[in-house]
Amino acid sequence: MTIGVRASRRTRVARPSAQRSVIPLFPTLWPHMLRARAGAAWPFPIEWPDARDLYLARYGIYEAVKTLGLAGREVLFPAFFHSVELDALVAAGARPRFFPVGDDLRVDPDTIVERIGPSTAALYLIHYAGFPGTVDALSRVCRDRGLLLLEDCAHALLSSAGDRPLGSFGDAAVFSLPKVVPVPNGGIVVYRAGPADDAMRRERPPRIAVGAHAASSMLLNLQMRGIRGSRRLRASLIRLGRAAFRTAGVDHMPTGTPIFVPSCLALTMSSISRRILSSQDFSSIVQRRRRNYQRLRDRVGDLAPPMTVADLPPGVSPLFYPFLTDDRDLVMRRLKSRGIEIGEFWPEWHAAVPRHEFPQVDRLRRRALWLPCHQDLTDAAIDRLARAVREVLGEVSA
Ligand SMILES: Cc1ncc(COP(=O)(O)O)c(C=O)c1O
């Protein structure tokens, strides 16, 4: 019967399949988020009077070094970092001196004090995974020793230490928006002493590049929901998009790549990002991230305890769930084969860091992975993720 056939087809198309769906690393773009919402309640530092928006956070790091007068001066910098943070700092003329970071992703204030020399001008502090990095004690050290504090909140939008937002402790702070909300680009730099003088004229990024990133995120959203054909469609469109960029001679605008491109210093956040931001319910995002992190910890914490503090402190909005394993590459491969995107927690050494001086950070880079806990993930998705992690860790240790 025709009606029966139609009904069963529709059911097949619409029903998400656990096999076909993916668990993405970052939140994805839902179509309704393209509708701007008036009267949005902005959290710090979005739309803050002392904040400036940029194409990505890395360009805010460059700007902060210049604005705070750190060019040519020594900045204490963690030996555990991604890579582009340091490239931006060095491009702006600062001289890094490295300090260790513990397996718990925290910085011991004594190691900072030991390294302060006559030419030290500032401390660069990363709030890894959205967890406050000893910020009270380190702010005191900076105040007492006359150092400037630069907070790297690339992972820490919406996160607080108690009731004080991260990024409000330092002389300057930078935020990376695409890690927390599904915008195609967007970084923010904010200064304690008020807005920086800025003669640079900035432009919006080219629409074609922004649209391509937004479309890719929306297709990933379909893939996450297990919509039939979405994986192939996304792969084909990415291929087509790249070819179109090449043919049109348009520069690829890097998002999700650790590259510092000086020409991007002259760009702002895109208007699509602004519109997507206005559609977000920020307090629900924090609640969902906290719930997912705790649910993951309850389900896998015995096999893969989080590297961060055991309890989730009030105010923290976790970016992800970091853990250590001796079988990093195997665990990653096996989870990926189950449709789970898993984060590599910075396995590569930057050439500027004397590796032999930081054996413990070397161990960290060889063992650290991270699991997503973002707001797109439902209880069912977290349970699937946790089951897969338990299976894989069981297999590799057998
Ligand atoms: C700790 C840290 N800081 C800064 C950045 C740079 O952020 P963006 O990609 O927005 O430039 C990253 C990106 O990976 C990061 O992990």
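Three strands build an open sheet in the order 10-12-11, with antiparallel pairing (strands are DSSP E runs of at least two residues and helices are H or I runs of at least four, numbered from the N terminus; two strands pair if DSSP finds at least two bridges between them). Strand 10 (320-324) and strand 11 (343-344) are the edges, each with a single partner strand, so one side of each has no neighbour in the sheet. This is a predicted model, in which local features need pLDDT of at least 70 and side-chain atom pairs count only at pLDDT 80 or more, while totals for chains, interfaces and linings use all residues. Residues are numbered from 1 along each chain as its sequence is written.

**Sheets**

- In the 10-12-11 sheet, strand 11 pairs with strand 12 (residues 368-372) in the antiparallel sense over 2 bridges. Here Gly343 has Trp370 of strand 12 as its bridge partner.
- Another open sheet holds 7 strands in the order 1-9-8-5-4-2-3, and its pairing is mixed. Its edge strands are strand 1 (51-54) and strand 3 (95-99), each pairing on one side only.
- Neighbouring strands of this sheet are turned by 20° against each other on average, direction ignored (axes are lines fitted to C-alpha atoms, for helices over the stretch in contact, and angles run from 0 to 180 degrees between N-to-C directions).
- Strand 4 (residues 120-126) and strand 5 (residues 148-153) pair in the parallel sense over 5 bridges, and Leu125 stands opposite Glu151 in strand 5.

**Helix 12 and its partners**

- Let's take helix 10 (residues 328-337) to start with: its axis and that of helix 12 (residues 379-397) come within 10 Å and cross at roughly 135°. That angle makes helix 10 oblique to helix 12 (under 35 degrees counts as roughly parallel, over 145 as roughly antiparallel, 65 to 115 as roughly perpendicular and the rest as oblique).
- By class, the contact of helix 10 with helix 12 has 8 nonpolar, no polar and 2 charged residues (Ala, Val, Leu, Ile, Met, Phe, Trp, Tyr, Cys and Pro count as nonpolar, Asp, Glu, Lys and Arg as charged, and the others, Gly among them, as polar).
- Helix 9 (residues 282-300) also meets helix 12, with axes that come within 9 Å and cross at roughly 30°; this crossing is right-handed.
- The residues in contact are Asn292, Arg295, Leu296, Arg299 and Val300 of helix 9 and Asp379, Ile382, Leu385, Ala386, Val389 and Arg390 of helix 12. They divide into 6 nonpolar, 1 polar and 4 charged.

**Ligand shell**

- Of the 13 residues around the ligand, Leu56, Ala57, Arg58, Ala154 and Ser176 come nearest (a residue is near a molecule if its C-beta atom, placed from the backbone, lies within 6 Å of it).
- Helix 2 (57-67) and helix 3 (84-91) each supply at least two residues of the shell, which has 6 nonpolar, 4 polar and 3 charged residues.

**Backbone notes**

- Most residues other than glycine have a negative phi, and most peptide bonds are trans.
- The peptide bond from Phe44 to Pro45 is cis, with omega near 0°, and Pro45 lies in the loop between helix 1 (2-14) and strand 1.
- Glu47, although not a glycine, has a positive phi of about 60°; Glu47 is in the loop between helix 1 and strand 1.

Note on methods. A crossing is left-handed if the near helix is turned anticlockwise from the far one by less than a right angle, and right-handed if clockwise. Two residues are in contact if their C-beta atoms, placed from the backbone, lie within 7 Å.
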